[in-house]
Amino acid sequence: MDKIVSLKDISFKYEKKYIFQNVSFNVNRGDIFGISGANGTGKSTLLNIIGGYLPGYEGHISYETDRYSMGSMVGGASIYEDMTVADNIQMVNRMHKGKGAFVDESLYEITGLMRYEKKRASKLSLGNKQMLALSMTAGNELQLLLMDEPFNGIDPVHKTLIIKYLKKRAEEGLTIIMTSHIKGDLSLMCNEIYNMGE
């Protein structure tokens, strides 16, 4: 199999106390890989380590992709609250000067965000903020997408549509690593699940 990320004996401690120890797994290209566990088991911390945002861990991580091909939706919705929905999308497209628009129009349509294009992001519901953040993160140029509790606040209809979309992207070669404390969400999407705290 074509590995894109490999973790070997990853451990992390905070104030001399280990949050988790000896986490090892491989993620193959095109996988939707889930990280499950109760609150406090270190799911978000591990995702931040994989994304390169949290130094000071023990162990080794190897990548078969670069940081420019990695998208991260970790630590809440990363959006520009004082800008409109349309301006958020335009900003991201300008930041990623690739072979066309970074934001995938099909995902933007699925989320229904066109109805709110003139609305400030700060005025959106939690679910719409999450969907805007996902639209701004899951770009056309990615090889690896990290998502931390991505369905918080999203209604069941949109969640079903987004799951279908992400599965299609994975079939096309996008690798997804996602966390959730709801195993049902992971079982709907993931071909492999790593359980933290077990």
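**Ground rules**

Two strands pair if DSSP finds at least two bridges between them. Helices (H or I, at least four residues) and strands (E, at least two) are DSSP runs, and I number them from the N terminus. I am working on a predicted model, where local features need pLDDT of at least 70, side-chain atom pairs count only at pLDDT 80 or more, and totals for chains, interfaces and linings use all residues. Residues are numbered from 1 along each chain as its sequence is written, and side-chain values use heavy atoms, with hydrogens and water left out.

**Entry 1: strand β7 and its partners**

I began with β7, which covers residues 175-180. Which strands does β7 pair with? I found five bridges to strand β3 (residues 32-36), running parallel, and five to strand β6 (residues 144-148), also parallel. Isoleucine 176 of β7 turns up in both pairings: isoleucine 32 stands opposite it, and it is the bridge partner of leucine 145.

Next I checked burial, where buried means under 20% relative accessible area, exposed over 50%, and partly exposed in between (1.4 Å probe, protein chains only). Six of the six residues of β7 are buried, so the strand is largely enclosed by the rest of the structure. In a regular strand the side chains alternate between the two faces of the sheet. Here I see Thr175, Ile177 and Thr179 buried on one side, with Ile176, Met178 and Ser180 buried on the other.

**Entry 2: the whole chain**

I stepped back and counted six helices and eight strands in the protein chain. From the N terminus, I read the order as β-β-β-α-β-β-α-α-α-β-α-β-α-β.

Of the 198 residues, 49% count as buried.

I take contact to mean heavy atoms within 4.5 Å. Among contacts between residues at least 6 apart in sequence, 71% join residues at least 24 apart.

**Entry 3: helix α1**

How many residues of helix α1 (residues 43-51) are buried? I get seven of the nine, so the helix is largely enclosed by the rest of the structure. The buried ones are Lys43, Thr45, Leu46, Leu47, Ile49, Ile50 and Gly51. Glycine 52 follows α1, and I noted its positive phi, near 85°.

**Entry 4: serine 135**

I looked up serine 135 in helix α4, which covers residues 126-137. Is serine 135 buried or exposed? At 0% relative accessibility, this serine counts as buried. Leaving aside neighbours within four places in sequence, I find serine 135 in contact with Ile89, Val103, Leu107, Tyr108, Thr111 and Leu113.

**Entry 5: two positive phi values**

I then looked at positive phi in residues other than glycine. Glutamate 15 has phi near 50° and sits in the loop between β1 (3-14) and β2 (17-28). Glutamate 15 is exposed, with a relative accessible area of 64%. Asparagine 22 has phi near 55°, and I located this asparagine in strand β2.
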